[in-house]
Each structure stands twice: as structure tokens, then as C-alpha cells.
Amino acid sequence: MLSSQRNELLCETGPGTSMGELLRRYWQPIAGVSEFEQRDTKEVRIMGEDLVLYRDREGNYGLVDRHCPHRRADLAYGFTEERGLRCNYHGWLWDHSGACLHQPFEETRHPEGTFKDKVRIKAYPVAAKAGLLWAYLGPRPAPLLPDWDRYYSRGYKQIAISEIPCNWFQCQENSIDPVHFEWLHSNWSMVLRGQDGPRAPTHTRLGFDEFDYGFVYRRVRADTTEDDELWTTGRVCLWPNCLYVGHFEWRVPIDDTSTLSVGWFIDELPGDAPFEQDRIPTWHAPVRDEKTGRWIDTHVMNQDYIAWVGQGAIADRTLEHLGESDRGVIMLRKRMFDEIDAVAAGRDPLGTIRDPAVNDRVYLPIVGGLNRPARGDGPQPFVFLAGQPDEVRTGHEQAWQQCAAASAVG
Amino acid sequence: MTGTASGPEPPEPPGPPAPGSYELAEARGYGLTVSDLRRWHPFSAIEIHWARKHGLSAGVARRWAREGVGMRDAVRAVRFRMTPEQVRPWAAAGFLPADAVEAAEAGMTLAEATAWLRVGFILPDAALLVRDGWTLAGATTARYAGVDRYV
């Protein structure tokens, strides 16, 4: 249970809020690189800020205010040039640093004028990594964009993005809630399949560890012991807004009542022949069943979404009754409050990396190891989200066949 | 940090099983060697990493582990200048041993924690509420304000 004021502290992420200040100290994934193969601008809303993400013809990515500072036209409808994004209303041209490069009519009337040097547009750094585009909305200098070791594993990679109509923090609390697996994913899935028991093995013990980039939660179930990797290694609640269980699930606030769920997935491939994926596809996962209007419940993350949105647009933590299964959630909240205080005191918060020597394939704990053998005799169905496009499934199948053939030749 | 928290590493004990390739990979991830794993047996790589980062010796970590306190909480306990023996009354009263650390941070006595638990607040929840300025009476009223309507 929390007071409404403490609840707001965790949930509000707009400019100037305490949590907004904390989250702005980290790079946030906001789109897939492959989304810019067919378009050069995309409107985005991150932590309550309306922005436009673009890629100019030189290949620079920019993230600027949605509205042109001239007359407030919508730059999502602007067009890119060799360098920068030009407003479609009167042609003012902006680059990724926020500088105004051209004001056509002003410069016609005043060729020696300096008006363009006196105006700027809000602009944030953007970087590409692991097929994702990342934005940093905080004070400079920005920390390094984490270079997680998992990005380099051999396998077929894909990115899936969903918009979830609820606050980000209830999504992230799910990242350190081991017991929900037993009920939301195991037992409920059986019910949905029409199976009447037996129920999934119960959790008998929970444990939590801390490391440089977040928390690890560990579990023993009725069918496992402390020798199982679920206890010895555990799973990662990656600071500040991600779950890492071999794949990544970031929960990026769009605003206080909606969250961008960004999933980065990898499927191991057979054999050990070199495999290079020339592009990581990005797709948008639906959350509602169009026929029934109900939330989709067939896939793991969709089930999570149902739990999250069911808690309300912003979970009212003044009404909750926490118990033993919530120790991780309480630990997460406490640490969030501590890190909010750290930022307010002018310190770098947990998990920020500034040393390039450290930021080289940074290790994250992973059950099964980093380079796990491929499972099964063929590509496994995608279980995390409904709606995987045929082209992505086909790409996975082709990658599998390519690696299987190379392995057979070898 | 207390005087018992740091100090020379104990000699490598004989007999721990050789780590598997997976354990070795995990150890490498935390910058540890096979020798580290042996010396710190049976702690896991993440526990060894966290202990060393905070200056906890294997011997001190083992003393806390014997009381049922994991590495994360052992590090905090040492920071609060606790001794392993201090958790025993808590365990005897039905709390997790690590709850003693949580209570120490929040400045709660065993009697206070027991009173909070009696009305349904597990210790970490109670400790966070105390830290936020709640009294037991106020928190109890708030907790059951909605529920009482249905009783």
C-alpha cells in the first residue's frame, strides 16, 4: 500500500516530475531501425512529450519537437533532405542537433539576416543499436547506450512493439513478480485451453539479488530444487524499466496512462555455422481481438497486458493489500524512491554506464547461458505476442533452414 | 563497514565440485575466476560479485548465510553495523531472517514489526510505510477502509 502522493511519484513521468527526471537519465528504445525503410518520419510520444523521429538522407536520426517553432505546424508531415527535416508549411529546415539550417522566405528578404541562428527546436540524441532506435531525453552529457552481451548472440532476431493503455510502472512491477508466472501464464493458460488440472507446480521459495544493472529474482517451485538455474541464476529485472529473460521487454512511458512495450527477441538457430541477419524486422503487435473487442489472451505477453490494464489506467496503490508474493515489488518501489533521491541530489542513478571500457558486451545473467542450442527439430512458434506477420515467421523459417543446411554440409 | 566485514581472503577450501562450463561463463561475466568460485563455494557468481563489490569477505558472508541471510541483505546488514546473531530473534518470531535488516533500516523494533504483521502488513511493506510517515493505526484504517464495507 502506498499513499496517493507516493503512487504519483512512481507513476508520473512528464517533464519536471521526479520519476520523469529519473527515467530521463537512461536511453529509451522508441522504434525499430527497420521502420525507417519505408518512411522517413514517425510521430512519437515519450514521457508526455510529443516528438517526431526522422532519418535524413545522410542517415542521421533526429528526434525533435512535434511542432515547428515557426507557426507550430506538425513536423510529422515534414520531409527530410540531405541534412535535416523541413517543415511542410513554410519550409524551415531543422537538423538533428536542433539548429535551424534554412528559412527560405526570411533569407530571400534578408540575405544577411541571422534570424535562423536565433531560433532552435527541442532536439534529443538518437542512436541505433541492436535494430532499435534509442532516445535520450535527459541532461547532457548522456551516459553510454548499454551494449548488452545478448545483442551479439547467434540467432534470428525480431522486434515487436505494442501500445498498452496503462501506466508504465505497473508493467515494470511485473518484471519482479515471480509468482504471477504460475497463475497468469501456467494455470490460466490451462483454463483457457479447457484443461481442468493438474495445476502448475507451486512456488515454494523466492529470492532476490542485486547487481550493477538491477535485480535478479530467483524461485524454487515444487518441481525444482536450489540446483535449478531458476534459483542459481534467476531472471533479471533490468533497471529501470525492462525485463530480461533471454529476450528484453522494455516498458517505456508514452505518457502517464499509456506505455510502449518494446520487445527484442532472439530465437536460437541450429548448428554453429556463421549467421548474419541483414535486418531485424520490427512489427506492431495488436492487443485487442478485433472480432470480440476483448484483450488478446493467447500469448504470454498478451496475458501480462491483461493483468496490467486490469489494474486500471494508473493502478491505485492506496487500495492494494500486499503479501509475501510481493516482496520483489516492494523492493523495486523502495529502490525507485532511493534513485529518485539520488537524481535529486545530483548523482548518477543505478545502472548508468559512462566508462567505454565497461560498455563492451556487458554481461547479463541468463538461464541456459548466452549461446543456447536451438530447441526442437524446427523453428518454434512465436509464443510471446499474437499477430506475428507472415514475413517475420517466414524469415525465421528461412534462417533456420539456412543454418540447418550449413550444419548438414559441415 | 565493520571491522569484520573485510580482511584477508580465506584459503581455498578443498573439495568443492569443479564448476561446469555454464558456471564458468557466468563467473567470467562477473569478472571472476575458477579460483574465486572455489574460494567462495557455495555462493553463486552474482553473490560473490556483490560481496566483493561491497568489501564483504567470504568468511563474513558465510556467517550471514548460516543465519539464512542472503548476500544482498548481508551487505546491507553490515552497512547497518548489525551482527548475524541479531537476526535470530526475528527468525524465532516467524519473520524471514532478512526482515531483521529491513527493520533495522526503517528503525523498527521486533515488537513494532510484530504489531504491523498482526494486522496484515508483511515487514518490507510496513517498513516502507513507516519510512513514508504512516502510523500503524493510520495504515490499518487505510488498508481496511475499502474492505470493511464488504464485511
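**View 1. Overall fold of chain A, with ten helices and 19 strands**. In this predicted model, the helices (DSSP runs of H or I, at least four residues) and strands (E, at least two) are numbered from the N terminus. The radius of gyration of chain A, taken over C-alpha atoms, is 23 Å, close to the 22 Å that the globule rule (2.2 Å times the number of residues to the power 0.38) gives for 410 residues, so chain A is as compact as a globular protein of that length. Along the principal axes, the C-alpha atoms of chain A fill a box of roughly 80 × 60 × 50 Å. Of the 410 residues, 56% count as buried, a word that here stands for under 20% relative accessible area with a 1.4 Å probe, protein chains only.

**View 2. The interface between chain B and chain A**. Here 33 residues of chain B are in contact, meaning heavy atoms within 4.5 Å, with 34 residues of chain A. The two chains bury about 2800 Å² between them, with 56% of this area on carbon and sulfur atoms; buried area is the accessible area (1.4 Å probe) that two parts lose on being put together, summed over both. B:Y22, B:R72 and B:I122 supply 23% of the area that chain B buries against chain A, more than any other three residues.

**View 3. Helix α8 of chain A and the elements packed against it**. Helix α8 spans residues 300-310 of chain A, and its buried residues include A:M301, A:Y305, A:W308 and A:V309. Just after α8(A), A:G312 takes a positive phi of about 105°.

View 4. Leaving aside neighbours within four places in sequence, A:L133 is in contact with several residues, among them A:P29, A:I30, A:V33, A:F36, A:Y61 and A:V126. A:L53 is also one of these contacts, although A:L133 and A:L53 are 80 residues apart along the chain, and their C-alpha atoms are separated by 9.3 Å.

**Notes to all views.** Residues are numbered from 1 along each chain as its sequence is written, and chains are lettered from A and ligands numbered from 1 in the order in which they are written. Local features need pLDDT of at least 70, side-chain atom pairs count only at pLDDT 80 or more, and totals for chains, interfaces and linings use all residues, while side-chain values use heavy atoms, with hydrogens and water left out.

Terms used:
Buried means under 20% relative accessible area, exposed over 50%, partly exposed in between (1.4 Å probe, protein chains only).
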